[in-house]
Amino acid sequence: MTRLNDKLWDFYGGLRLPGHKEESLTRPIQSLPVPARLTIPLQQHIGVETEPLVKVGDKVLKGQQIATTQASVAAPIHASSSGTVTAIENHPVPHPSGLSAPCIVIDTDGHDQWHDKIKQIRDTHETAAITDIHTITPAALRETIRDAGIVGLGGAAFPTHVKLDNAVEHEIQTLIINAAECEPYITCDNALMRERAPQIIDGIRILQHALQVKHCLLCVEDEVKDTHTALEQALASAQPVPGAEISLLKTPTRYPAGGEKQLIKTVTGKEVPANGLPSDIGVLCHNVGTAYAIYRAVCLGEPLISRIVTVTGQGITRPGNIEALIGTPLTELIDACGGFNPQTTASPLTIGGPMMGFPISRSEIPVTKSSNCLLVGVQTLNTQQHKPYPCIRCGACVDVCPAQLLPQQLYWHSKAREFDKAQDYNLFDCIECGCCAAVCPSHIPLVQYYRFAKDEIWATEKDRQKSERARKRFEFRQARIERQKRELEERRKRKKAALDRKTHAQPDPKKAAIQQAIERVQRKKAEQQVVPKNTEALTAAQQRQIEEAEKRRQKLKRATSTTNPDPES
Amino acid sequence: MTDSTLITPQSVGSVMRQLLLALIPGVLAYVYFFGYGVLFNMLLASVVAVTSEALILWWRRKPVGFFLRDYSAIVTAVLLALCLPSLAPWWLVTIATLFAIIVGKHLYGGLGQNLFNPAMIGYVVVMISFPQVMTTQWFNASQQSKPGLIDTIIHQTTPHKPKQNPGKPGAHSKIDSITSATPLDKVKSELERGKTLSEIRHPQLFGLLGSSGWEWVNFFFLLGGLWLLYRKLIGWQIPVAMLGTMFLMAGLFYVYDSDNYLPPLFQLFSGGAMLGAFFIATDPVTCAATHRGRLYFGIGVGLFTYIIRTWGGYPDGIAFAVLLMNMATPTLDYYTQSDAFGHKTRKP
Ligand code: SF4
Ligand code: SF4
């Protein structure tokens, strides 16, 4: 089960960072008791927000679908435990903007009772061997994955089924399982691999079958020896499946080696085109946690209702990995880890790692599908307090940028609000890894500027689209009025002609026919001109979404304009 | 315990301090061969630079202490002082420094905003305004008696006229009799008078590799520069490209006519070659930012330096070469961006 050619390639830039992994790997994954209240956001993925299927007062069962949407880029949401829906309202969610978003609040009943359908599957399939997997069609597997609400668990939370559906349209030769957990402190994937390697292998098998892909590269950082051992054992004892190979690859421990594009470059030598997707070069990448969630969905019938969260940092008493239900308040996780470390004075909270994570100010925020780590008491790139100097153009950032950009130019133009120039320097290829900001001797919060610029560009784009829509609507209305006027005119003319026919004994029937034909053609032309271009047919829900997005953006803009990171202002 | 556990990034101040540290060996060699004049110049320039910078910051309502801690004014002052004649009068040093800080740096907006290397601005201003002083107030390393500290300071702070213009005898300090042009300059004027290299090759001007005394100063600046490279405080591109180009050019002409053109190693170990290559041309603010851009930048500086040294009217060409290439920096940066990730495989 090894690849003939285990060659690795190098990716540009990046940083060697202190890992801080051991702290949270010293004890096994800890499960939490069911919390009294679950707060489950309606949007936990990239894409369209879901709509609730339940009302306040409804009883729900564990694993029951409680929100979904018709939109394709979305993932349904399930109740993480049984209980009663007590509210559907805005609640603070883990988001960089610190805003609130609609959530379903469930007061749990403590029975943790599974939904009947899942119970059945669990009763019959609990011990079902993965070797039966080939009896299920790939399409059915993909549907199961979609219904289970599975999203990328590496942090991006992109709906997994969308990736899979897109992939079957391309010819995928290689499935890459991203287990290179490169950001310091985060260990949820490593903990999972150490304890549940056989299930992960099964999950990979399911993915391979769903995609009909023979080769799979399971990529792990080269310095986590215990994880290697666990995976090697699981691979050795797994039933070999003909035509489905899994090779374990040890990738260099260098941030951001686990970035999708960097990982693909490292293990295949190919670069994902800047304006394309991995599937363009025959590769598909999934996070190892996602593979595990797929195993649970297919073999146990469980939707995605829990995940492993690393709780670590100098500010926590007993760092570790917690398996938490989606919707559990972060306070419960902190308590489970012995609470705040009494020796630390300040304990800033960060969702995510020290490079890409964002600070949060309140700990009642719930765990979502994308929460991989809660950092306590660690100063991160986004909480650094240094007062920035002007850029001295030293180029340190250029040397570390894995996207091979010129971060100082991006900064310069973003700061000057010259967004077109920033785009000339490929602003949108920035993966916001933070390497540049970490080495900048002027301590400039570079990534904040890039986010700001990107947001502004998106906002103008949206405005443009909106005014475009308004213009079209206006034109359409004008055209309709014109048409009505014309029709009225024609009717009058016809009437007059009819009248004329009556008065003039011998009208020329040929002439009238020609006249009518001409009119018909003209009418048709006029109608064709005013065909609406797909923008008037918005459903009420879509319209509402657009408006809400706009509202959110305005709010965000207000929020960010007060925290403009300009050092000189 | 909420200290940053990521990596400890350098700060602007620490970068600049390390730059100053790296200068120390070269400065010591300088003092050993050419006396205390340069120390006085460095001190004076630093005081002028810091004072004028503080005043301007205060006037521009910028945080004075915060910006003074970045050490960039002192680096500018020290580099400038190292380029001026070691026996230059105090007013020359002061004027040059004021121009460097006020015109070269703050008229452009201060730290990080300037297009031209401020030290070189200061140098060029006095070079054009006071060419006499700039070319004669050097000390010749082969001279027997090095002037003492007191004599040097008296020489630099009392008004007197350059010795080519003998005025009243009383106006001369006793050092006037030993000031001269740099070897590089002398060799050039001798060559221009039609002499061949073998005729002017005598130990007063020539050392082992470069010009006497200067070769050691250059050697120690080279050491400091290598340390900067090792610490990754500068990139290799500019020094390698600049010195390589000078070596190549000099080599070509030397092979073509070894009577009239200086040997390549002499070029590299004379004047401000090493100081320029490792400390001046690499000034991050004003040099190109991309790797390829830095290569071209270095090549340009090397080329212009050689041309000005060989055929131009000034004794050393580094300052003009650096300023010329500073002008080209934005263009270089724009056209030498490497392909961003995934742009080679980009779909049309
Ligand atoms: S690292 Fe910072 S100071 Fe240096 S060029 Fe980049 S942005 Fe400017
Ligand atoms: S944050 Fe963007 S610009 Fe900075 S190093 Fe990462 S990819 Fe490059």
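**Labels and their criteria**

In this predicted model, Glu418(A) forms a salt bridge with Lys421(A), with the closest N and O atoms 3.9 Å apart.

Q: Why is the pair Glu418(A) and Lys421(A) called a salt bridge?
A: The closest N and O atoms of the two residues are 3.9 Å apart, and the criterion asks for a side-chain nitrogen of Lys or Arg within 4 Å of a carboxyl oxygen of Asp or Glu, so the pair qualifies.

Q: What makes Glu418(A) and Lys421(A) count as partly exposed?
A: Glu418(A) has a relative accessibility of 26% and Lys421(A) one of 39%; buried means under 20% and exposed over 50%, so both residues fall in between.

Q: Why is Arg296(A) said to form a salt bridge with Glu323(A)?
A: Their closest N and O atoms are 3.8 Å apart, and the limit is 4 Å, so this Arg and Glu meet the criterion. The pair links distant parts of the chain, with Arg296(A) in helix α8 (residues 288-299) of chain A and Glu323(A) in strand β14 (residues 320-325) of chain A, 27 residues apart.

Q: How do you know whether Arg296(A) and Glu323(A) are buried or exposed?
A: The relative accessibility is 18% for Arg296(A) and 14% for Glu323(A); buried means under 20%, and therefore both residues are classed as buried.

Q: Which residues are joined with Arg296(A) and Glu323(A) into one network?
A: Salt bridges that share partners bring Arg196(A) and Glu302(A) into the network with Arg296(A) and Glu323(A).

Q: What makes Asp226(A) and Arg194(A) a salt bridge, and how is Arg194(A) classed?
A: The closest N and O atoms of Asp226(A) and Arg194(A) are 3.7 Å apart, which is within the 4 Å limit. Arg194(A) has a relative accessible area of 21%, and buried means under 20%, so this residue is classed as partly exposed.

Q: How do you know that a salt bridge joins chain B and chain A?
A: The count between the two chains is 1 salt bridge.

How values were computed. Residues numbered from 1 in each chain as written. Chains lettered and ligands numbered in written order. Predicted model: local features only at pLDDT ≥ 70, side-chain atom pairs only at ≥ 80, totals over all residues. Heavy atoms only, no water. Buried < 20%, exposed > 50% of the residue type's maximum accessible area, 1.4 Å probe, protein only. Helix = DSSP H or I, 4+ residues; strand = E, 2+ residues; numbered from the N terminus.
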